[in-house]
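Dear colleague,

I am passing on the structure that we talked about, and below it you will find some notes on what came out of going through it. Please keep it open while you read.

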Amino acid sequence: MRLVSTSESVYNEYVNCLMYFTERKIEMKKYLAIDIGGTNIKYAEIEETGNIVRKDKIKTPKDRESFLSAVDRIVTRHRKNVSGIAVCAPGKIDGTTIRFGGALPFLDGVDLASEYAGPDFPVAVINDDKAG
């Protein structure tokens, strides 16, 4: 895996995603943070302490099918190492469903929690402005 630099603001988004889990008393050792942006999807495995274990990014696909496939590859690669997923996404968030999608209108109606959440595997989705 190729490591890339992550700006302080993106790090803050990851930490805020961690706080989302902490506030809900969801205990875990590591989780997968996914930051969906118009240019890149940045993701990292992060420990409870906020320490980034590994991180990377990919170019954001420009259509729904390619986007969902890309996210599925990311989640599949990291799922065995984490206890949950925190997603920061553009647009309005209705529960765990992305509405409108901001600069990525094809995200409208995408619900990553319905795809990946399980009884002992929480998935949180928050608006990227609220995350950072």
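How many salt bridges does a search of the whole structure find? The search finds 3, where a salt bridge is a side-chain nitrogen of Lys or Arg within 4 Å of a carboxyl oxygen of Asp or Glu. Please note that this is a predicted model, in which local features need pLDDT of at least 70 and side-chain atom pairs count only at pLDDT 80 or more, while totals for chains, interfaces and linings use all residues. Residues are numbered from 1 along each chain as its sequence is written, and side-chain values use heavy atoms, with hydrogens and water left out.

Lys30 in strand β1 pairs with Glu45 in strand β2, 15 residues apart, and their closest N and O atoms are 3.3 Å apart; strands here are DSSP runs (E, at least two residues), as helices are (H or I, at least four), both numbered from the N terminus. Glu45 also meets Arg54, at 2.9 Å from N to O, so that shared partners join Lys30, Glu45 and Arg54 into one network. Glu45 is buried, with a relative accessible area of 0%, whereas Arg54 is partly exposed at 31% (buried means under 20%, exposed over 50%, partly exposed in between, with a 1.4 Å probe and protein chains only). Arg99 forms a salt bridge with Asp94, with 3.9 Å between the closest N and O atoms.

Phe100, in the loop between β6 and α3, has a positive phi of about 75 degrees although it is not a glycine, and Phe100 is exposed, with a relative accessible area of 58%.

Best wishes
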